[in-house]
Amino acid sequence: GGFPAPGIRQTTMIDELFQIERDAYRDSVIHRIDARVKIVIAFAAIIALVAVPYSDRDMVYTVGAFFVVFFLVLWCCSKLSFLVLIKRMGAIVPLWGVIIFFQIFLKNRYYTDYHVVMSLPFGINIYAESIEFATILLVKFIVCIAFIILLSSTTKMHEMLEGGARMGLPPEFALALGMMIRYLFVFGYIYRKVNETLQTKCFDAFDSHLPYRYRLRQIGYMVGTMFIRSYEQGERVYTSMLCRGYGRESYLFFDKKPLRRGEWAFLFSSLIFIIAIPAGVWITSFRLLII
């Protein structure tokens, strides 16, 4: 009863990696925008929100709300499902959720007075100010991660690499990132082949009906096979590159590609919005304080 049906693949992070690239090959207004424009807008929104001081809670919430609306408009224009957004946002919750969760137990430099909300054993306290700080951090995390997901889901990896190179990324970095991207998918392809082979043999690493040591041994075989196949594939590709003139002085060549008028207009209007919102909120709050 605990064996998976042959041919049925479980959803993994490797599968999600391939799905992200498939989504980037879709067609929409956002997909057709040059990668440089999307990179600048994503990083501008992240920097603008991160620059908002933690001490001004209302400003963080207001600016974050405006940026969320801006993001939702772009996401709707990309024609991607909101379920995709929720899944990808949830996939990285363990990375940032733990950081935010532990903030409620810690004192930080943004507050001077602390009020205990709940006392736990071993002298652990939950503070009202720490909960407020964790909420502010949560808003910043969600907005920043959302723009990164939008960028990765609507921009092909090689276009992102070309965009970075055209914006001044050193050729050595562009070459190294290009190799990393290539081998990332090679590794993912090999993992998927090995995983499908195990599933056709009715092996499930999480099946409690199988002996633990047997499952551990099979997983070890799988990992070893993946690294051996990846190494062999890398050697073949590297030898082919040497035959085509690859060496220490090699670099990737990217021809010049001017932005279209519509892309310039979209870039400037987005940057004006991203800059104007924090500035406007700060001016408004400053005037209210004076009054």
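Tutor: Helices (H or I, at least four residues) and strands (E, at least two) are DSSP runs, numbered from the N terminus. Tyr-61, for instance, lies in helix α4. Before we go on, please keep in mind that this is a predicted model, in which local features need pLDDT of at least 70 and side-chain atom pairs count only at pLDDT 80 or more, while totals for chains, interfaces and linings use all residues. Residues are numbered from 1 along each chain as its sequence is written, and side-chain values use heavy atoms, with hydrogens and water left out.

Student: Thanks! How many helices and strands are there in the protein, and what pattern does the protein follow along the sequence?

Tutor: The protein has 11 helices and 2 strands. Along the sequence they follow the pattern α-α-α-α-α-α-β-β-α-α-α-α-α.

Student: Back to Tyr-61, then. Which residues does Tyr-61 touch, not counting residues up to four places away in sequence?

Tutor: Contact means heavy atoms within 4.5 Å. By that rule, Tyr-61 touches Glu-132, Thr-135, Ile-136 and Val-139. Tyr-61 and Val-139 are 78 residues apart in sequence, and their C-alpha atoms are 7.2 Å apart in space. For the protein as a whole, take the contacts with a separation of 6 or more: 74% of them are between residues 24 or more positions apart.

Student: Is Tyr-61 buried, exposed or partly exposed?

Tutor: Buried means under 20% relative accessible area, exposed over 50%, and partly exposed in between (1.4 Å probe, protein chains only). Tyr-61 has a relative accessible area of 29%, so this residue is partly exposed. Of the 291 residues in the protein, 37% count as buried.

Student: How should I read a nonpolar core, and which residues of the largest nonpolar core touch the most other members?

Tutor: In soluble globular proteins, nonpolar side chains tend to be buried together. A nonpolar core is a set of buried Ala, Val, Leu, Ile, Met, Phe, Trp, Tyr and Cys residues joined through side-chain atoms within 4.5 Å. The largest one here has 47 residues, and Val-63, Phe-67, Phe-71, Trp-75, Phe-147 and Ile-274 touch the most other members. Elements that give two or more residues to this core include α4 (57-77), β2 (124-127), α7 (128-154) and α11 (261-290). Helix α7 gives the most, with 12 residues.

Student: Could you walk me through one member? Which residues is Phe-71 in contact with, leaving aside neighbours within four places in sequence?

Tutor: Phe-71 is in contact with Leu-85, Ala-146, Phe-147 and Leu-150. Apart from this core lies another, of 8 residues, among them Ile-190, Leu-198, Leu-210 and Met-222.

Student: Now for charges. How many salt bridges does the structure hold?

Tutor: Side chains of opposite charge can pair when their charged atoms come close. A salt bridge is a side-chain nitrogen of Lys or Arg within 4 Å of a carboxyl oxygen of Asp or Glu. The structure holds 10 of these salt bridges. In one of them, the side chains of Asp-34 and Lys-257 meet at 3.7 Å, N to O. Asp-34 lies in the loop between α2 (29-32) and α3, and Lys-257 in the loop between α10 (212-243) and α11, so the pair ties together parts 223 residues apart in sequence. Asp-34 counts as buried because its relative accessibility is 7%, whereas Lys-257, at 43%, counts as partly exposed.

Student: How far apart in helix α8 are Glu-162 and Arg-166?

Tutor: Glu-162 and Arg-166 are 4 residues apart in helix α8 (residues 157-166), so about one helical turn separates them. Their side chains meet in a salt bridge of 3.7 Å, N to O.

Student: What is the nearest side chain of opposite charge to Glu-129?

Tutor: For that reading, Lys and Arg count as positive and Asp and Glu as negative, while His and the chain ends are not counted. Glu-129, in helix α7, is buried yet has no salt bridge; Lys-107 is the nearest side chain of opposite charge, 8.9 Å away. Leaving aside neighbours within four places in sequence, Glu-129 is in contact with Tyr-111, Asp-113, Tyr-114 and His-115.

Student: Finally, the surface. Which residues make the nonpolar surface patch?

Tutor: Patches are made of residues with over 30% relative accessible area and no salt bridge; like charges are joined within 9 Å, and nonpolar side chains (Val, Leu, Ile, Met, Phe, Trp, Tyr) within 5 Å. Accessible areas come from the Shrake-Rupley method with a 1.4 Å probe, and for residues only the protein chains shown count as cover. Here Val-117, Met-118, Leu-120, Phe-122, Ile-124 and Ile-131 make a nonpolar patch of about 590 Å². Strand β1 (residues 116-120) supplies the largest share, 3 residues. Leu-120 lies in that strand and is partly exposed, with a relative accessible area of 31%.
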